[in-house]
Every structure is written in structure tokens, then in C-alpha cells.
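Keep the model open on screen while you read.

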Amino acid sequence: MSKTIYGFIGLGNMGNPLARRLIQAGHTLHVADTDSAVRQQLEALGAEGHDTPRAVGDAADVVFLSLPDGKVVDEVLGGERGLAAASRAKCVVDLSTVGPVAARRAYDTLAAQGIDYVDAPISGGPTGAERGTLAIMVACPPSRYDALGEVLSHFGKTFYLGAEAGQAQVMKLANNLLSATAVAITSEAMALGVKAGLDPSVMLDVINAGSGRNSATLEKFPRAVLTGTFNVGFAARLAHKDVRLCLEEAERHGVPMVVGSSVREMLVMTTAIHGRDADYADVARMVEDWAGVKIRARG
């Protein structure tokens, strides 16, 4: 049985460390990215670089995508230079967070060319990608899920959500809504405590030992807010995109999201105030400015 050849398109904060893990595991890898410098970094590690998505698909059996949104996925799949026109690839595993509508659209585009689409968004951030400890939410036929088990294990732990494209996206959007809500509400709670005279480091110790702990108090605030670096490594505009997609899906299903709507507005304001490159942690910086405090470790 011939060895499976893999491809990877999108070598950003998540795609780059995941592609590296495939190379380190000994897999043959073909890569593409709009940033030639990033592509060259992977080539130096042993990957073969290509200029177009189609060229990756002409060389690989299974191609992974790690892209910022559904529009970019459409562009990568479509056209003469797109992945859907590739001669070899028979499976595309989309690790992106694009929402159920875009996932089903990608499925249709690829199915018309006889290519399987696997809806497989990931959670755990750049650190999880580097360590191979991501949560990988997968929706595809069971036989395809079983066939991908070994290679996906390099990225983290898989969770099977169902056979239909879009099901894993719903799970990912629900997860990201919770994550964004944790960042927003932790920013407000911490600002209150600091303005009342509490030590933010002690606050986090108490919260993380009690019922208020969450992903923001456990990781994001100690690393990026108390230090003043505001660098979680995930853009606020992408967090807003995820929450917006979640609210759109909730509206389609008739599910009210009062708290989620407020979180979306917090992310909109963060990007408006701190710019397109604002980090996820800049939500806390915005609340600091409003409250007139700095949530920083003392001494």
C-alpha cells in the first residue's frame, strides 16, 4: 500500500506549527501560503513549497486547510488554480473556523469534483498547535474519520460530531462563544477588583481555586494581561468573526443570544479602538481604559 502524501495550505499561527508537526512525524508534506517567507521556512524543514492550491492538490492525497474565513476557503478551492481542480487530492480536511454555511458550500464544491470534504475545526490556540494538544472537532462519514485517525493524532484529540459538513462548525462556534465571553467578563471582573484595591494576581489565584475559573483566568490573563504584553496570538477581529457566525447560526435556529450579542459588541469596539491587528487580550486593555485602571502584576 502506497504511503499517503499530505498537503497543507495556510501556514499562519495555527497552520505553521501543525505543518511542522507533520514534518517532524516523518510525513511527506507539500505546502502553500500567500506569505512566501513562511513557506520558505517550511521548505527549509523538508516540505515542498508550491505557488497555488491546485499545485498542492496535484501532489498530495490529503490536503489540510488552516484559513481565516469562509471567503478565503472559497478562493482556495475555486478557479483554475484552486484545489477543487487538482488531479490527485481525494480528501480536504478543513481545520478552519468558517461556520456551517461556508462548510456546506465547500462540501458541495469539492463533492462536484469527487473530493471528500472533512469539517474539522480546531481549538486550543497556537500553544496547543505547537504541543499537539488541540481539540479537533470532526464531521464526515465514519469511514473517512477512521482513516484520518492516525494523522489527526499528531494535532491532538479528536471528537466525532456527525457525518454532515457543518456539524463540527456548530460545535466550534459554541466553544468560541464561551471563550470570548470568558475574556470579556473576566476583563470586567478584574477591573472592578483592581479599582477596589485588590491585587490582580491574588484575584486570579482565588478565582482559579473557585467556581469562577475559566480559560481566560487560567491562561490568557496570567500570560497576556498581568504582564502587559496583550499578546494571546489570536486577533480580536477573528474572535468577532467567530461570535458573529455563532449568532447568525443561533438566529437560524431561533435561539436567543442576549449575552452573546453583548460579547460581539465588545469585540467590535476592541477592533475599532485598537485597530485591525488588535489582539484578543486587547478586550482587557479597552476595559482598563474605561475603568481607569491597569490590571498588572505587582512587584
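## Around a buried serine

At 2% relative accessibility, Ser96 counts as buried. Bear in mind that this is a predicted model. Ser96 sits in the loop that joins strand 5 to helix 5. Look past its neighbours within four places in sequence, and Ser96 is in contact with Leu65, Ser66, Leu67, Val73, Pro121 and Gln169. There's a polar detail here too: a polar atom of the Ser96 side chain lies 2.8 Å from the backbone nitrogen of Leu67.

Now step back to strand 5 itself, residues 91–94. Are its two faces covered or open? Covered, both of them: Cys91 and Val93 are buried on one side, and Val92 and Asp94 are buried on the other.

Strand 5 has a partner in strand 4 (residues 62–65), and the two pair in the parallel sense over four bridges. Within that pairing, Leu65 has Asp94 as its bridge partner in strand 5. To get from strand 4 to strand 5 the chain passes through helix 4 (residues 70–77), and this β-α-β crossover is right-handed.

Strand 6 (residues 116–119) also pairs with strand 5, in the parallel sense over four bridges. Here Val93 stands opposite Val118 of strand 6. Strand 5, helix 5 (residues 100–111) and strand 6 make a right-handed β-α-β unit.

Which residue does UniProt list for "active site"? The unreviewed entry gives Lys172. You'll find Lys172 in helix 8, residues 167–195. It counts as buried because its relative accessibility is 6%, and the cut-off for buried is under 20%. Not counting residues up to four places away in sequence, Lys172 touches Thr97, Pro121, Ile122, Ser123 and Met137.

Lys157 makes a handy contrast. It belongs to strand 9, residues 156–162, and it is exposed, with a relative accessible area of 54%. Leaving aside neighbours within four places in sequence, Lys157 is in contact with Leu134, Ala135 and Ile136. Take Ile136: it is 21 residues from Lys157 in sequence, yet the C-alpha to C-alpha separation is 5.9 Å.

Here are the accessibility values for residues in this report, along with one further cysteine:

| Residue | Relative accessible area | State |
|---|---|---|
| Ser96 | 2% | buried |
| Lys172 | 6% | buried |
| Cys91 | 1% | buried |
| Cys246 | 6% | buried |
| Lys157 | 54% | exposed |

How many disulfides does the model contain? The count comes to zero, taking sulfur atoms within 2.5 Å as the rule. Cys91 is in no disulfide, and its nearest cysteine sulfur, the one on Cys140, is 7.5 Å away.

Methods: Residues numbered from 1 in each chain as written. Predicted model: local features only at pLDDT ≥ 70, side-chain atom pairs only at ≥ 80, totals over all residues. Heavy atoms only, no water. UniProt positions renumbered as here; feature names shortened; annotations may be inferred. Buried < 20%, exposed > 50% of the residue type's maximum accessible area, 1.4 Å probe, protein only. Contact = heavy atoms within 4.5 Å. Pairing = 2+ DSSP bridges. Right-handed = clockwise from strand over helix to strand, strands pointing away. Polar contact = N/O pair within 3.5 Å; in protein donor to acceptor, adjacent residues only side chain to side chain.
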